[in-house]
Amino acid sequence: MKSTSLMTAALMLGALASLAGCKKSDEAMGPAQKAGQEVDQAGEKVARDLHSSIDKANDAAKQVAKSAEDTKDKINEATEDASKGLNKATEEVGKKIEQAGEKIQESAKK
């Protein structure tokens, strides 16, 4: 009888050892978990790409704003130059009119 209980104990121990070896690993994922992980990874990639596109758009907007500022400065400078030129021309015309008026007065006295 001893040999039967010894053999039964050995079989039970073997069965327990084989069951322990078949234990599912915590790292093994089922199909739903794999699909969820793939969805998460795809979402992260879309977010990275979106942020990259937003950063590029922001950089382009900053460049456009700088170009607009430079253009505004050039227009202001040209306007100032034109205004100075107009003032000088007005001054010259005023001098010519004054000279013409003096000549008219001199002619009237004769």
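Lysine 45 is partly exposed in this predicted model, its relative accessible area being 44%. The side chain of lysine 45 meets that of aspartate 49 in a salt bridge, with an N to O distance of 2.8 Å. This pair belongs to a set of three salt bridges found when the whole structure is searched. The protein chain that carries them has two helices and zero strands.

**Overall architecture and surface**

- The chain comprises 110 residues, of which buried residues make up 1%.
- Helix α2 spans residues 31-109, and the secondary structure of the chain consists of two helices with zero strands.

**Salt bridge between lysine 66 and aspartate 70**

- The side chains of lysine 66 and aspartate 70 form a salt bridge at 3.3 Å, taken from N to O.
- Lysine 66 and aspartate 70 are both located in helix α2 and stand four residues apart, about one turn of the helix.
- Lysine 66 counts as partly exposed at 47% relative accessibility.
- Aspartate 70 is also classed as partly exposed, with a relative accessibility of 32%.

**Salt bridge between glutamate 69 and lysine 72**

- Glutamate 69 forms a salt bridge with lysine 72, and the closest N and O atoms of the pair are 3.3 Å apart.
- The spacing here is three residues, about one turn of the helix, and both glutamate 69 and lysine 72 lie in helix α2.
- Lysine 72 is partly exposed, at 41% relative accessibility.
- Glutamate 69 is partly exposed as well, with a relative accessible area of 39%.

**Negative surface patch**

- Asp73, Glu77, Glu80 and Asp81 form a negative surface patch.
- One of these residues, glutamate 77, is placed in helix α2.
- Glutamate 77 has a relative accessible area of 52%, so this residue counts as exposed, the limit for that class being over 50%.

Note on methods. Residues are numbered from 1 along each chain as its sequence is written. This is a predicted model: local features need pLDDT of at least 70, side-chain atom pairs count only at pLDDT 80 or more; totals for chains, interfaces and linings use all residues. Side-chain values use heavy atoms; hydrogens and water are left out. Patches are made of residues with over 30% relative accessible area and no salt bridge: like charges are joined within 9 Å, nonpolar side chains (Val, Leu, Ile, Met, Phe, Trp, Tyr) within 5 Å. Accessible areas come from the Shrake-Rupley method with a 1.4 Å probe; for residues, only the protein chains shown count as cover. A salt bridge is a side-chain nitrogen of Lys or Arg within 4 Å of a carboxyl oxygen of Asp or Glu. Lys and Arg count as positive and Asp and Glu as negative; His and the chain ends are not counted. The place of a charge is taken as NZ of Lys, CZ of Arg, CG of Asp or CD of Glu. Buried means under 20% relative accessible area, exposed over 50%, partly exposed in between (1.4 Å probe, protein chains only).
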